[in-house]
Amino acid sequence: CAVYGAKLAAQLVELSSPLAAVEGVSIEGAVSKAQLGCGRGSGELQFLYLNGRPVEVPRLARRLNEAYRTFNPQQFPVFFLALTLPPASFDINVTPDKRKVFLHDEARVVDAVVGQLTSLWEPSSRAYAVTQTLPSMVGVLGRRESGQTEPEPEVVNSSVTKGEEGVELGAGAAIGPASGVIAESLGAPSFPPLSCPGVMACSEELPPRTPSRPASP
């Protein structure tokens with residue numbers, strides 16, 4: 001299974017033990033953990049070997065998929081399993097390619113293998129891996145453990161403060177050192193009075209108006 005990379009290898013659990021329910025039968029290899037994300041979307045990575053020969057036992061593969069999906073219902077397991085059986089307990093002359101085999105005591109062997117893997121999946125199904133942390137929470141917890149306190153925001157006490165750009169800040173505006181932003185909204189900016197050539201300002205007085213006289217006949 002190392003051929004498929006370190007990421008897949010980390011999602012597998014190894015096993016090697018005899019099957020107590022069937023005499024003379026042992027199993028070894030690796031299988032997916034029962035946690036979500038450790039399986040696959042299909043069963044393309046399922047390999048079974050019998051006495052060193054790659055074989056197919058459809059009933060065993062189906063039962064293993066059903067058992068695994070009781071723990072991880074969204075995925076299929078990856079497994080590399082090698083069974084060791086007495087030579088007289090199976091027959092390989094089922095198909096010309098000798099991939100499918102006939103187990104003389106197939107029901108007992110399948111039940112024993114499924115029971116062995118189920119007992120292996122049960123503890124791992126209750127384990128949850130935390131892969132990410134929140135940086136902001138890490139900083140807050142670190143300051144709390146060291147006894148440091150959060151800095152208080154600086155409050156501008158003056159009623160009106162004029163900035164460099166001619167913008168007035170409202171009373172009590174809080175400037176937080178951590179965020180560097182003004183907590184309250186800024187007041188409306190003040191602009192210099194407009195002046196246009198040839199236009200009289202509103203504050204200037206108009207000259208008195210002289211009444212017009214009717215024209216003499």
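Predicted model: local features only at pLDDT ≥ 70, side-chain atom pairs only at ≥ 80, totals over all residues.

User: What secondary structure does the chain contain, and where does Ser32 lie?

Analyst: The chain contains four helices and 11 strands. Ser32 belongs to strand β2, which covers residues 26-32.

User: Why is Ser32 called buried?

Analyst: The term applies to residues under 20% relative accessible area. Ser32 has a relative accessibility of 0%, and therefore counts as buried. Of the 217 residues of the chain, 26% count as buried.

User: What makes the pair formed by Ser32 and Cys38 a polar contact?

Analyst: A polar atom of the Ser32 side chain lies 3.4 Å from the backbone oxygen of Cys38. The cut-off is 3.5 Å, so this distance falls within it.

User: Which residues are in contact with Ser32, leaving aside its neighbours within four places in sequence?

Analyst: Among them are Gln11, Leu12 and Val13, together with Tyr68, Pro77, Val78 and Trp121. Cys38 and Gly39 are also in contact with Ser32.

User: What is the volume of the largest pocket, and which residues are the closest to its centre?

Analyst: The volume of the largest pocket is about 220 Å³. It is lined by 15 residues, of which Gln46, Phe47, Leu48, Val55 and Glu56 are the closest to the centre. Strands β3 (46-50) and β4 (53-55) and helix α2 (58-69) each give two or more residues to the lining.

User: How does the lining of the largest pocket divide by residue class?

Analyst: The lining comprises 11 nonpolar, two polar and two charged residues.

Conventions: Residues numbered from 1 in each chain as written. Heavy atoms only, no water. Buried < 20%, exposed > 50% of the residue type's maximum accessible area, 1.4 Å probe, protein only. 1 Å grid on protein atoms, 1.4 Å probe; cavity = no way out; pocket = protein on both sides within 12 Å on 5 of 7 lines; lining within 4 Å. Points joined across faces, edges and corners; volume = space filled by probe spheres on them. Nonpolar A, V, L, I, M, F, W, Y, C, P; charged D, E, K, R; others polar. Polar contact = N/O pair within 3.5 Å; in protein donor to acceptor, adjacent residues only side chain to side chain. Contact = heavy atoms within 4.5 Å.
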